[in-house]
Amino acid sequence: MLSSMVKEHHQKQVVRKELQESKRKDACAAASDLTQALVNHLNVGVAQAYLNQKRLDAEAKQLHTSATNFSKQTQQWLTLVETFSSALKEIGDVENWAKTIEGDVRTISMALESVYKTSQENAQSQ
């Protein structure tokens, strides 16, 4: 009877150990699944942040390129306007020079006319 009780006890212990081992495996699998789900959830956020950062970097690079091109175009416009302004000043200088020459020619013309009239009058009086 004692030996049958020991056997029975031993069989119950084996069953309990198997049940315990099965529950431990289930618990490990559940913990692994939970860990995997948490990691996947975090990875989705990290992947989204990475994609956003990549997109931001590309847009920043494009903006930098556009700003550089705009700066070059602005510099070209400034050079063009400066050249145009200089040309206008030169035209103004030429116009001023022409007016001065015209005034001098009128003065000389009037002086010659006066001298001619005077010489004509002197020639007629003699």
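Accessible areas here come from the Shrake-Rupley method with a 1.4 Å probe. With that settled, I looked up the accessible surface of the chain, and it comes to about 11,900 Å². Carbon and sulfur atoms hold 62% of that surface. I note for myself that this is a predicted model.

**Entry: overall form**

I started with the secondary structure, and the chain comes to one helix and zero strands. The radius of gyration is 53 Å, well over the 14 Å that the globule rule gives for 126 residues, so the chain is more spread out than a compact globule. I then took the spans of the C-alpha trace along its principal axes, which are about 185 × 10 × 10 Å. The helix is α1, and it covers residues 2-125.

How much of the chain is buried? I found that buried residues make up 0% of the 126 residues.

For a sense of distance along the helix, I picked Asp57, which lies in helix α1.

**Entry: salt bridges**

Next I turned to charges. Side chains of opposite charge can pair when their charged atoms come close. How many salt bridges does a search of the whole structure find?

I looked at Arg24 and Glu21 and found their side chains meeting in a salt bridge at 2.5 Å, N to O. Both residues lie in helix α1, three residues apart, which is about one turn of the helix. Arg24 is at 44% relative accessibility and counts as partly exposed. Glu21 is partly exposed too, at 33%.

I moved on to Glu95, which forms a salt bridge with Lys99; the closest N and O atoms are 3.6 Å apart. That distance is within the 4 Å cut-off, so the pair counts. Glu95 and Lys99 are four residues apart in helix α1, about one turn. Are these two residues exposed or partly exposed? Glu95, at 45% relative accessibility, counts as partly exposed, whereas Lys99 is exposed at 52%. The limit for exposed is over 50%, so Lys99 passes it.

My last pair was Glu102 and Arg106, a salt bridge with the closest N and O atoms 2.8 Å apart. This pair also sits in helix α1, four residues apart, about one turn of the helix. I have Glu102 down as partly exposed, at 40% relative accessibility, and Arg106 as exposed, with a relative accessible area of 53%.

The chain has 15 positive and 15 negative charges, and their mean positions are 26 Å apart.

**Entry: a nonpolar patch**

Which residues make the nonpolar surface patch of about 490 Å²? I found Met1, Leu2, Met5 and Val6. I followed up on one of them, Met5, which lies in helix α1. At 49% relative accessibility, Met5 counts as partly exposed. Exposed would need over 50%, so Met5 stays in the partly exposed class.

Methods. Residues numbered from 1 in each chain as written. Predicted model: local features only at pLDDT ≥ 70, side-chain atom pairs only at ≥ 80, totals over all residues. Heavy atoms only, no water. Helix = DSSP H or I, 4+ residues; strand = E, 2+ residues; numbered from the N terminus. Buried < 20%, exposed > 50% of the residue type's maximum accessible area, 1.4 Å probe, protein only. Patch = residues over 30% accessible without salt bridge, like charges linked within 9 Å, V, L, I, M, F, W, Y side chains within 5 Å. Rg over C-alpha atoms; globule rule 2.2 N^0.38 Å. Lys, Arg positive; Asp, Glu negative; His and termini not counted. Charge placed at Lys NZ, Arg CZ, Asp CG, Glu CD.
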